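Subject: Structure handover

Hello,

Here is the structure for you to open. My notes follow below it.

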Amino acid sequence: MLLIRCPWCGNREETEFRYGGQAHVHHPQDTSTLDDQAWAEYLFIRDNPCGELAERWVHTAGCRRWFNAIRDTATNRMRAELPSARKPVTR
Amino acid sequence: MGAPRHVPPDPSARLWRNPEPKRGYDVVIVGAGGHGLATAYYLARNHGIRDIAVLERGWLAGGNMARNTMIIRSNYLLDESAALYNHALNLWEQLPAELDHDFLLSQRGVLNLAHTEQEVRDARRRSFANELNGVDTEWVTPEEIAEICPILNTSDEVRYPVLGATLQRRAGIAKHDHVAWALARKSDEMGVDFIQGCEVTGFTTDGDRVTGVQTDLGPIAAGRVGLAAAGRTSLLTDTLGIRLPLQSHPLQALASELLEPVHPCVVMSNHVHVYCSQAHKGELVLGAGIDPYNGYSRRGSIRTIENQLAAAVELFPIFARAHMIRTWAGTVDVTPDASPIIGPTPYENLFVNCGWGTGGFKATPGVGWVFAHTIATGEPHPINAPYGMERFTTGALIDEHGAAAVAH
Ligand SMILES: Cc1cc2nc3c(=O)[nH]c(=O)nc-3n(C[C@H](O)[C@H](O)[C@H](O)COP(=O)(O)OP(=O)(O)OC[C@H]3O[C@@H](n4cnc5c(N)ncnc54)[C@H](O)[C@@H]3O)c2cc1C
Ligand SMILES: [Zn+2]
């Protein structure tokens with residue numbers, strides 16, 4: 001069971017959260033100019049590192065707000081839980 | 001049904017050599033899981049290629065192959081999937097004789113339960129699709145289920161009563177470790193080198209050709225390279241700038257103490273999400289879905305275990321007092337359409353087999369056959385032609401989500 005820190009509510013059990021996958025994946029601009037390759041990249045392809053990943057979580061059973069976290073996918077160590085931001089969080 | 005219980009044969013004193021790696025091979029396979037082993041076996045047997053190395057970062061078949069819940073079936077909805085998994089099931093039936101090794105293939109039948117009206121419709125549709133594809137299948141009622149598997153709670157006193165099930169009688173389980181050892185022994189006899197404790201860290205390339213692999217034991221040249229590295233595939237393809245639509249997740253299983261034989265078949269429930277069979281030795285073996293987040297830790301969350309045990313005890317009240325004695329997890333790579341990727345890559349001489357998610361054990365001989373064909377000829381076999389990575393760009397997905405009789 002992961003212990004996850006919500007930026008608003010503090011440490012809570014993983015069961016209170018839902019996972020939202022990789023953070024900072026933005027809908028493409030100028031969609032009329034996108035080719036199939038670029039669409040496939042946006043729709044289907046995400047980073048899959050063995051190490052740190054910036055990702056999104058939502059505190060479904062709590063404040064229901066989204067936030068970003070950086071988690072190491074090999075150790076589950078999490079750091080820098082921050083409100084969703086347009087700019088990538090690297091702190 | 002009801003499989004006779006017998007013990008596997010004692011392994012031979014030595015099943016395979018432990019050679020030093022040569023400086024180069026005609027074919028290098030990355031990963032000595034079931035898929036890597038079966039690919040090497042069919043490369044040697046069907047295509048006469050004998051100069052092969054299978055490189056394994058850990059120990060032979062110690063990855064997901066050692067961790068799976070052994071379920072074999074071919075009752076998939078879509079034509080492409082039925083063709084692949086049924087090819088595998090046909091091969092499973094002839095392999096023990098061919099490999100001269102009894103790995104306890106037990107065709108005890110798999111029940112896929114339906115608990116809602118929608119699931120009944122979906123399951124019946126899948127069953128009709130199976131019939132059209134020549135896959136054995138039956139729709140069974142709760143009364144018939146009670147006869148096939150008397151320990152299953154078929155009363156309507158539960159939150160999600162069993163409304164029926166599909167039954168595939170040819171489906172069942174096989175002793176996974178013995179499958180791996182049998183394939184390794186026969187491949188070794190044909191000259192295949194298995195190099196354990198050898199991690200592939202990248203590739204050597206010449207333009208858009210892959211000319212070999214980098215390993216922690218030094219570079220090894222290769223005429224062709226086949227990846228069968230399961231959950232760690234994208235770590236390797238990333239080094240070449242090939243972006244694969246893969247996400248790696250922990251998938252857990254658990255086993256009970258040894259019990260008298262009580263559970264005659266395999267039962268899977270997508271809706272309450274648990275699957276269970278009783279191993280030859282007597283353990284109850286249970287699995288469920290992946291943990292939602294990405295992970296390479298090979299440890300899953302307790303909450304997944306809680307959910308699957310709650311479901312198991314509701315379906316099988318007599319399990320309430322069983323002690324679970326072992327849990328473990330593997331790292332499985334999941335694709336957006338819940339179907340594998342098998343085929344060439346933008347690099348000449350490099351071929352991938354990945355994205356099997358939670359269900360690749362059942363495909364082991366089938367995928368070995370078609371992947372060996374792909375590597376040997378440079379072209380996909382008709383069965384794996386639809387499984388190329390380009391389907392994510394063309395949109396010709398093989399969308400087995402929900403349809404494959406288990407949630408991924
Ligand atoms: C808990 C659990 C239950 C499952 N239950 C079932 C089931 O009931 N039925 C079913 O059909 N499937 C099941 N599966 C899925 C099945 O186990 C996998 O789909 C299948 O094993 C994948 O193919 P493989 O055998 O080649 O993978 P693996 O056995 O994982 O083989 C890949 C190998 O590659 C090695 N490797 C990785 N990276 C490198 C590298 N860089 N260099 C060298 N070696 C490397 C790994 O160490 C590993 O040994 C289950 C999986 C899990 C985890
Ligand atoms: Zn909160």
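A polar contact here is a pair of N or O atoms within 3.5 Å; within protein, one must be able to donate a hydrogen and the other to accept it, and residues adjacent in sequence count only if both atoms are side-chain atoms. This is a predicted model, so local features need pLDDT of at least 70 and side-chain atom pairs count only at pLDDT 80 or more, while totals for chains, interfaces and linings use all residues. Residues are numbered from 1 along each chain as its sequence is written, chains are lettered from A and ligands numbered from 1 in the order in which they are written, and side-chain values use heavy atoms, with hydrogens and water left out.

Ligand 1

Start with the backbone. An oxygen atom of ligand 1 sits 2.7 Å from a polar backbone atom of B:Lys362. A nitrogen atom of ligand 1 is 2.9 Å from a backbone N or O atom of B:Ile71. For B:His35, a backbone N or O atom is 3.4 Å from an oxygen atom of the ligand. In total, 36 residues are around ligand 1 (a heavy atom within 4 Å). Those that come nearest are B:Glu56, B:Met65, B:Thr69, B:Gly360 and B:Lys362.

Zinc site

Which protein atoms are donors of the zinc ion (ligand 2)? They are SG of A:Cys6, A:Cys9 and A:Cys63, plus ND1 of A:His59, at 2.1 to 2.3 Å. Donors are N, O and S atoms within 2.8 Å of the metal (3.2 Å for Na, K and Ca); water is not among the atoms, so sites may look incomplete. Angles among the four donor atoms run from 105 to 121°, and the site is tetrahedral (four donors, all angles between 85 and 135 degrees). The ideal tetrahedral angle is 109.5 degrees. Along the chain, the donor spacing is C-x2-C-x49-H-x3-C.

A:His59 is buried, because its relative accessibility is 0%. A:Cys63 is partly exposed at 24%. Buried means under 20% relative accessible area, exposed over 50%, partly exposed in between (1.4 Å probe, protein chains only).

Between the chains

B:Gln247 lies in strand E12 (residues 247–258) of chain B. Helices (H or I, at least four residues) and strands (E, at least two) are DSSP runs, numbered from the N terminus. B:Gln247 is buried at 17%. Its side chain reaches the backbone oxygen of A:Asp47 at 3.0 Å. Leaving out residues up to four places away in sequence, B:Gln247 touches (heavy atoms within 4.5 Å) A:Arg46, A:Asp47, A:Asn48, B:Asn294, B:Val332, B:Asp333 and B:Val334.

Helix H6 of chain B

H6(B) covers residues 176–189. Why is H6(B) described as largely enclosed by the rest of the structure? Because 11 of its 14 residues are buried. Among them are B:His176, B:Val179, B:Leu183 and B:Lys186. Their cover includes helices H1 (34–47), H3 (79–99) and H9 (364–377) of chain B. Just after H6(B), B:Gly191 has a positive phi of about 105°.

Two phi values in chain A

Most residues other than glycine have a negative phi. A:Asn76 has a positive one, about 70°. A:Asn76 lies in the loop between strands E5 (66–72) and E6 (78–83) of chain A, and is buried at 18%. A:Ala80 also has a positive phi, near 55°. A:Ala80 is in strand E6 of chain A and is buried at 7%.

Best wishes

Notes: Tetrahedral: all angles 85-135°; square planar, octahedral: opposite > 155°, others 65-115°. Expected span 1.5 Å × (residues − 1).
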